[in-house]
Amino acid sequence: MPTVVQSFTVAGPFAENCFVCHSQGEAVLIDPGCADARERQLVLDYVQRHGLTMRHLLLTHAHLDHIVGCAFFADHYGLGWQMHPDDAPLLRHAEQQAALFQFPIDPPPDPTGWLREGDSVTFGDATWRVLLAPGHSPGSICFYQEATTEAGGFVIAGDVLFNGSIGRTDLWQGDLPTLLRSIETKLMPLPDETVVYCGHGPATTIGRERRTNPFLTG
């Protein structure tokens, strides 16, 4: 059966996309920017309604808008967060990030696992490959599932690549040449039909961005 990707646009003014992905009754939760009880309950209700067992809590990166709900979901599911170690300083300074926006946050717990280039994440029948794609943040990662005979491939891209745009690079250790190199070497080699699920805004495809994204076609 194809992996189901369910998005929740959360975190108020940040309009961040949180994802629950599931296969054969097992699920992963990605980037829980859930800022309040209502947003968190939407996720909990979806998981319960579909009878899912949560296997992994994953972060594409650790900017404020992607980690607001980390403490809540770690406690609720009794699981630790997995991320790339280069973004650990951002997670440790979550309260300082929040103070810049006068935004409340419960301090996230320390991660319990590190994900690096080439690692795999498995749940149900799904196997994802971890792609390290720095530039937006030093430890930004994407999760890639290859196409099968049953379903097309997709990538959970965080804030690396957007529909018609790319991630911002004016935050801590952001770097535009590094981001563009990440996109060129890690995402553009994927098949054109690969669906890109972005950290903000609507989904797109690799082929569409290759042809029309002004940051990649200039």
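Colleague: Which residues does T3 touch, not counting residues up to four places away in sequence?

Modeller: T3 touches C21, H22, S23, F123, A126, Q145 and F154, where contact means heavy atoms within 4.5 Å. This is a predicted model, so local features need pLDDT of at least 70 and side-chain atom pairs count only at pLDDT 80 or more, while totals for chains, interfaces and linings use all residues. Residues are numbered from 1 along each chain as its sequence is written, and side-chain values use heavy atoms, with hydrogens and water left out.

Colleague: Is T3 buried or exposed?

Modeller: T3 is buried, at a relative accessible area of 13%. Buried means under 20%, exposed over 50%, and partly exposed in between, using a 1.4 Å probe and protein chains only.

Colleague: And which side chain makes a polar contact with T3?

Modeller: That's Q145, with 3.0 Å between the two side chains. A polar contact is a pair of N or O atoms within 3.5 Å; within protein, one must be able to donate a hydrogen and the other to accept it, and residues adjacent in sequence count only if both atoms are side-chain atoms.

Colleague: Switching to H56, where is it found?

Modeller: H56 is in strand β4, residues 53-58. Strands (E, at least two residues) and helices (H or I, at least four) are DSSP runs, numbered from the N terminus. H56 is buried too, with a relative accessible area of 18%, and its side chain makes a polar contact of 3.1 Å with the side chain of Q82.

Colleague: What else is H56 in contact with, leaving aside neighbours within four places in sequence?

Modeller: Besides Q82, there are A27, V28, L29, L79, V121, T122 and F123.

Colleague: Now the helices. At what angle do the axes of α1 and α3 cross?

Modeller: Roughly 30 degrees, and the axes of α1 (residues 37-49) and α3 (residues 70-77) come within 11 Å. That makes α1 roughly parallel to α3. Angles under 35 degrees count as roughly parallel, over 145 as roughly antiparallel, 65 to 115 as roughly perpendicular and the rest as oblique. Axes are lines fitted to C-alpha atoms, for helices over the stretch in contact, with angles from 0 to 180 degrees between N-to-C directions.

Colleague: Which residues make that contact?

Modeller: R40, V43, L44 and V47 from α1, and F72, F73, H76 and Y77 from α3.
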